[in-house]
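Let's take a friendly walk through this model together. Keep the structure open beside you as you read.

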Amino acid sequence: MGKSIHDVIIIGGSYAGLSAALQLGRARRNVLVIDEGKRRNRFASHSHGFLTQDGADPAGIVADARTQMMEYKTVNWLSARADSAARVEAIDALGAGFEVLAYGQRHLARRLLLATGVRDILPEISGLAERWGKAVFHCPYCHGYELNQGRIGVIAGSELSMHHALMLPDWGPTTLLVNDAFEPNAEQLQNLAGRGVTVERSPIEAITGHADIRLADGRTLPFAGLFALAPFEMTSPIPEELGLDFEQGPIGSVIKTDAMKETSMPGVFACGDAARPMASLALAVGDGNLAGAGLHRSLLFNKI
């Protein structure tokens, strides 16, 4: 049984959750962050595109952020998985709130912030999973520059892979490996040719070496790096269990929020990759900053 009622419980202590917690801590609000330590980008050794942190270790960024956040005495941390969350009509004389169960303990709060993140669903290609975030990527802006204009392979997952294939020539000579996922039509082939993209139709057997593609016809194509379409899903069942509204994107659903990051359930806010279709470290930090401010205003001015 939680001994106190927090102003807010934040589920998820990665970039978005930490950013929101910092805002709320600076507002001297009582915050509990519950985090199980499974960042989406934990497979990558370097992060790019975030001002002042370009090329930094993602784990180091999180560690520094947590150290800074914990300097605020009203912020508390629990290393655990949040198993469930529910609205409670009367947590005390002041009215409704939320309860979160984590490792059998019950924690109460007036507001709930979900920074639960998403999980990438990787293509089932031998050798891909162990190279994810190291030689196989999903974001050209995050990893394209470091390939130093070397050969780039795009592993098709559907027709949506055309987007990758048409973007990536800005970072290096590009080959679209169709891999039986779809067949480009005449207009698409013309667009690919206009960008100098080579189309490879032999199916992929495995990824070997650094980023070498072994094809079913026996050939091996070496690349500086590979990009793959990876749909995603929620890492936590809590958003669905709460009955929140979702928005369907091209490769996965995200929690629907308003301009200040409040969800369809009053008092529940969401931020980061779970609540926005385009993902990056910088966007997650900004999203968390906005959610923290929106939630603080809700505590001041709104009843739930």
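Which side-chain oxygen reaches to within 3.1 Å of the backbone nitrogen of Glu 187 at the start of helix H5 (residues 186-194)? That oxygen belongs to Asn 185. Before going on, please note that this is a predicted model, in which local features need pLDDT of at least 70 and side-chain atom pairs count only at pLDDT 80 or more, while totals for chains, interfaces and linings use all residues. Residues are numbered from 1 along each chain as its sequence is written, and side-chain values use heavy atoms, with hydrogens and water left out. Helices (H or I, at least four residues) and strands (E, at least two) are DSSP runs, numbered from the N terminus.

Just after H5, Gly 196 takes a positive phi of about 75 degrees. Gly 196 is also one of the residues touched by Thr 174, which sits in strand S10 (residues 174-177). Other residues that Thr 174 touches include Ile 152, Leu 168 and Val 197, leaving aside residues up to four places away in sequence; contact here means heavy atoms within 4.5 Å. Thr 174 counts as buried because its relative accessibility is 2% (buried is under 20% relative accessible area, exposed over 50%, partly exposed in between, with a 1.4 Å probe and protein chains only). A polar atom of the Thr 174 side chain lies 2.9 Å from the backbone oxygen of Gly 172.

Now look at phi angles elsewhere. Most residues other than glycine have a negative phi. Asn 179, in the loop between S10 and H5, has a positive phi near 55 degrees, and at 19% relative accessibility Asn 179 counts as buried. Lys 261 is not a glycine either, yet has a positive phi of about 75 degrees. You will find Lys 261 in the loop between strand S18 (253-255) and strand S19 (268-270), and at 5% relative accessibility Lys 261 counts as buried.

Ser 84 counts as partly exposed, because its relative accessibility is 21%. The C-alpha atoms of Ser 84 and Val 100 are separated by 5.7 Å, although the two residues are 16 residues apart along the chain. Among the residues that Ser 84 touches, not counting those up to four places away in sequence, are Glu 99, Val 100 and Ile 238.

Finally, how does H1 pass H2? H1 passes H2 in a left-handed crossing (the near helix is turned anticlockwise from the far one by less than a right angle; clockwise would be right-handed).

Methods. Polar contact = N/O pair within 3.5 Å; in protein donor to acceptor, adjacent residues only side chain to side chain.
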